[in-house]
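Hi,

Here is the structure I promised to send over. Have a look at it first, and then read on for my notes.

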Amino acid sequence: MPGWARDLLRCPACHGELAGSGPLTCTVCRRSYPVRDGIPVLLVDEATEHGSA
C-alpha cells in the first residue's frame, strides 16, 4: 500500500494513526488490523488487541 494511502487511514476505534506494512497497528490503542490481498480490513471486530506494556 502506498505511503500516502496509509497516511489517510485512521483506526476506526480511536482515530489514531496506523503504522506498519503487514497488519496495520494503531499507535494509540495498539489494535492490529489485517491486510488481505492488499486491502486493509478496518473493522473493529476483525482487529487483534494488544495490551500496552
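Which residues does threonine 25 touch, leaving out those up to four places away in sequence? Before I get to that, please keep in mind that this is a predicted model.

The answer is Glu17, Leu18, Ala19, Arg30, Arg31 and Ser32. Threonine 25 itself sits in strand 2, which covers residues 24-26. With one of those neighbours there is also a polar contact: the side chains of threonine 25 and serine 32 come to 2.9 Å of each other.

Cysteine 14 is in no disulfide either, its nearest cysteine sulfur being that of cysteine 26, at 3.4 Å.

Is cysteine 11 buried or exposed? Cysteine 11 counts as buried because its relative accessibility is 1%. Cysteine 14, on the other hand, has a relative accessible area of 29%, so it is partly exposed.

Two backbone spots are worth a click as well. Histidine 15 has a positive phi of about 70°, even though it is not a glycine. You will find histidine 15 in the loop that runs between helix 1 and strand 1 (18-19). Its relative accessible area is 61%, so histidine 15 is classed as exposed.

The other spot is arginine 30, which also turned up among the contacts of threonine 25. Arginine 30 is not a glycine, yet its phi is positive, at about 70°. This residue lies in the loop between strand 2 and strand 3 (31-33). Arginine 30 counts as partly exposed because its relative accessibility is 38%.

Last, the start of the chain. Glycine 3 belongs to helix 1, made up of residues 3-8. With 31% relative accessibility, glycine 3 is counted as partly exposed. How far apart in space are glycine 3 and aspartate 37? From C-alpha to C-alpha they are 17 Å apart, with a separation of 34 residues in sequence.

That's what I have for now.

Cheers

Methods
Residues numbered from 1 in each chain as written. Predicted model: local features only at pLDDT ≥ 70, side-chain atom pairs only at ≥ 80, totals over all residues. Heavy atoms only, no water. Helix = DSSP H or I, 4+ residues; strand = E, 2+ residues; numbered from the N terminus. Buried < 20%, exposed > 50% of the residue type's maximum accessible area, 1.4 Å probe, protein only. Disulfide = S-S within 2.5 Å. Polar contact = N/O pair within 3.5 Å; in protein donor to acceptor, adjacent residues only side chain to side chain. Contact = heavy atoms within 4.5 Å.
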